Amino acid sequence: MSVLLGCVADDFTGASDLASFLVESGMSTVQIIDVPASDQLLMDDVDAVVVALKSRTQPVSEAIKDSIAALEWLKAKGCQQFYFKYCSTFDSTTKGNIGPVVDAMLDNLGERYTIACPSLPVNGRTVFNGHLFVNGELLNESGMEFHPLTPMTDSNIVRVMAQQSQGKVSLIDHAVVEAGPEAIKEAMKTFSENSRYSVVDAVSNENLMAIAHASEDLKLITGGSGLSIGLADNYVKKGLFEKRYDSKALRPVEGGTVILSGSCSAMTRAQVAHYKEKNPSLKINPMELEHQSQTIEEAVNWYQSASLQGRIPVLIYATDEPENINKYKHVLGEQKASQLVEDFMYELANALSRRGVCRFIVAGGETSGSVVKALKVTSLKIGESIAPGVPVVQSTEAPYFLLALKSGNFGQVDFFDRAFQILDEI
Ligand code: ADP
């Protein structure tokens, strides 16, 4: 049987976030890293595929190229519905990339309308009157305005989407959403006549369920991971599949564990502060990377001794406060500090894997992208959740790395301890 749902995610943690919700909703799901080769095979019996791209911060033309290549591959696998997954804080640069990618996907599919629904209430992200809130704070006052790569300075998603896309944006507001799937469907029909996308309010899981059920006939859906929770019901209703919950079994592996953090988001800063109180940690500084006064070799040597040759989990982090990040940007240039850190994490993951590290707990979407690429992982099996939207994942080929890839603001303050415990028990 062919795949039902084909998803394109604009970063790696976002992809496993979406995959974990799909698994919880009863869909057997595989995550593919990067645009798949045309001959890449899928495991049998997969209901949903999530292709993880690193397109959030690419130049617009590259983001479009990768997203369309992924979409074409998913179409060739026979997917019946498509999902473009972005962050629940609508992370974008001033040029996009959400708007331009949505436009390109709609064009490719020959469709003229879709919805934009970033809301993820379980992680405190809600949309009301088109404004995005993070734990009750407006997006642009939530700390996201300081993000090193995608600072979000406007909470009005209708406005943000309008600025970065070609078509007209409408709003399906809370009152309509509360009225249920039929009312939402009716609004979609009306708005599709004069707009290309509708931002949809959602403040609860019930709202997301209703929106997902109303989306049963949309060819392309766009949103955070939250909206995916109700899609399985649509396929059951159409007689296309039966829910199944069999993808939790991951295989044990032998080797060391490391925690790598390149996220500077508020929750990661709290998690790093909490973890390093009681555990060995090494701070990476972009200025020192630039001057080569901090090297991979030193970090690897530090890891070997601090972790007692991999027996205890230790933290290596570049996580820093907004004022320092601004300082580095000022001295090194807009993207340079971030790139230095990403390159360092890539090399470090590579070097550590060659020394037998097989469990990687990673904080940060872009950072996870670097690590997964360094490990040459091409597809992932999805296991149990450590926190909402953060499952344990495992590469489907030897050496079967066990990974926890955490988006910046996800997870509880003791996330690193919890992740270590769960990975250790597999
Ligand atoms: P999040 O999931 O919180 O958005 P990401 O890993 O996606 O985290 O993005 C964080 C970005 O910040 C990465 O590009 C990372 O390399 C960069 N970064 C990390 N530490 C620093 C630092 N000390 N100074 C500047 N940039 C940094």
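**Entry 1: what I'm looking at.** I'm working from a predicted model. I started with the ligand.

**Entry 2: where the ligand sits.** I checked the cavities, and the ligand sits in the largest one. Domain 1 (5–237) and domain 2 (256–425) both give residues to the shell around the ligand, so it lies between the two.

**Entry 3: the shell.** I counted 22 residues around the ligand; His-147, Ser-263, Ser-265, Glu-342 and Thr-367 are the ones that come nearest. By type, I get 9 nonpolar, 10 polar and 3 charged residues in that shell. For secondary structure, I noted that helix H12 (322–332), helix H13 (336–354) and helix H14 (365–374) each bring in at least two shell residues. H13 has the largest share, with 4 residues.

**Entry 4: polar side chains on the ligand.** Which distances do the polar side-chain atoms of Ser-263 and Ser-265 keep from ligand oxygen atoms? For Ser-263, I read 2.7 Å from a polar side-chain atom to an oxygen atom of the ligand. Next I looked up how well covered the ligand is: alone it exposes 570 Å², and the protein buries 98% of that.

**Entry 5: cis peptides.** I turned to the backbone and went through the peptide bonds. Gly-96 and Asn-97 are joined by a cis peptide bond, with omega about 5°. I placed Asn-97 in the loop between strand S4 (81–85) and helix H3 (98–109). Another cis bond runs from Ala-398 to Pro-399, with omega near 10°. Pro-399 is in a loop too, between strand S17 (390–395) and strand S18 (402–406).

**Entry 6: a positive phi.** Which residue has a positive phi although it is not a glycine? I found Asp-34, with phi at about 75°. Asp-34 belongs to the loop between strand S2 (29–33) and strand S3 (48–52).

Definitions and conventions:
Residues numbered from 1 in each chain as written. Predicted model: local features only at pLDDT ≥ 70, side-chain atom pairs only at ≥ 80, totals over all residues. Heavy atoms only, no water. Near = heavy atom within 4 Å. Polar contact = N/O pair within 3.5 Å; in protein donor to acceptor, adjacent residues only side chain to side chain. Areas by Shrake-Rupley, 256 points an atom, 1.4 Å probe, with all protein chains shown as cover. 1 Å grid on protein atoms, 1.4 Å probe; cavity = no way out; pocket = protein on both sides within 12 Å on 5 of 7 lines; lining within 4 Å. Sits in = over half its atoms within 2 Å of the grid points. Nonpolar A, V, L, I, M, F, W, Y, C, P; charged D, E, K, R; others polar. Domains from an automatic or database assignment.
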